[in-house]
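Subject: Structure for you to look at

Hello,

Here is the structure I said I would pass on. My notes follow it.

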Amino acid sequence: MPISPATKPAGLSVFFPAYNDSGTIASMVIRAVQAAAELTPDYEVIVVNDGSADATPVIVDELARTYPHVRVVHHAKNRGYGGALQTGFRSATKELIFYTDGDAQYDPAELATLWARMTPDADLVNGYKISRSDPLHRIIIGRVYHHIVSLMFGLTVRDVDCDFRLMRRTIFERIDLEKNSGVICLEMMKKIEDAGFRIVEVPVHHYHRVFGKSQFFNFRRIAKTGVDVMRLWVALVIRREHRRPGVRPLAGPADAVDSAYPGSPRR
């Protein structure tokens, strides 16, 4: 019998931002289909191909042909991690939205743990890494980054950059995401906390990356992230722009995509 946060199982959108993830995206989608099907009959699995230059587009199109619940959104050009997340949130049509990355550093099967904690008293179930399975320099940089931004932005979540989240779609009726870079996670969590949404945190496993390499950990990208963080701090902490009336929420699915797999609805 499916695990359910309510008497009637809620609808569930699962999505993956994918960029050059040809070695992992098929297994991630298949595991997501299996995990979602055990939770609710009303689900969809979406892959946002963010202008990949490898075999990712071919693989995800084949997955969409094979699995009726899978559909694909293609960006003609790479929009960045934030751009891929924005498209995923806009494309989701169900009551609950779960996302994680396509690089297989998280296990979609652990979605069941988040689902069980999505009670009527929760708006977002946020994962946090039990132990980070990365090289030492990445662990150090990640910890420093987390502590700095938590102090700068007044965040209370344990792991602002754990991309393993289950949230209510209604959140995006009140907050607007604008960043196209990786700081979108910081932007999202700051806006969610400031809007007063109820957050539950659960531990999840983090696995060693076996295919591809991170697009973030080089000096140029770290420097750019530093600039992005400072600009975001000015906008959200100093100027408090997101608290002003008349903020535009995320657009609907029809406004979000360049192209979708022909056999899939764009609802």
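This is a predicted model: local features need pLDDT of at least 70, side-chain atom pairs count only at pLDDT 80 or more; totals for chains, interfaces and linings use all residues.

Residues are numbered from 1 along each chain as its sequence is written, and side-chain values use heavy atoms, with hydrogens and water left out.

Strand β5 covers residues 124–129 and pairs with β7 (residues 199–204) in the parallel sense, over 6 bridges. With β6 (residues 164–168), β5 pairs in the antiparallel sense over 3 bridges; there, L124 has M167 as its bridge partner. Two strands count as paired if DSSP finds at least two bridges between them. Helices (H or I, at least four residues) and strands (E, at least two) are DSSP runs, numbered from the N terminus.

Of the 6 residues in β5, 6 are buried, where buried means under 20% relative accessible area, exposed over 50%, and partly exposed in between (1.4 Å probe, protein chains only). Both faces of the strand are covered: one side has L124, N126 and Y128, the other V125, G127 and K129.

**Helices α3 and α6**

Helix α3 (residues 81–91) packs on helix α6 (residues 184–194) at an angle of about 50 degrees, and their axes are 9 Å apart. Axes are lines fitted to C-alpha atoms, for helices over the stretch in contact, and angles run from 0 to 180 degrees between N-to-C directions. The angle makes α3 oblique to α6; under 35 degrees counts as roughly parallel, over 145 as roughly antiparallel, 65 to 115 as roughly perpendicular, and the rest as oblique.

On the α3 side, the contact (heavy atoms within 4.5 Å) is made by Y81, G82, L85, Q86 and F89, and on the α6 side by I184, C185 and M188. By class, these are 6 nonpolar, 2 polar and no charged residues. Ala, Val, Leu, Ile, Met, Phe, Trp, Tyr, Cys and Pro count as nonpolar, Asp, Glu, Lys and Arg as charged, and the others, Gly among them, as polar.

**Cysteines**

There are 0 disulfides (pairs of cysteine sulfur atoms within 2.5 Å) in the structure. For C162, the nearest cysteine sulfur is that of C185, 9.5 Å away. C162 counts as buried because its relative accessibility is 0%. C185 is likewise in no disulfide, and counts as buried at 1% relative accessibility.

**Overall**

The protein has 7 helices and 8 strands, and buried residues make up 51% of its 267 residues.

Regards
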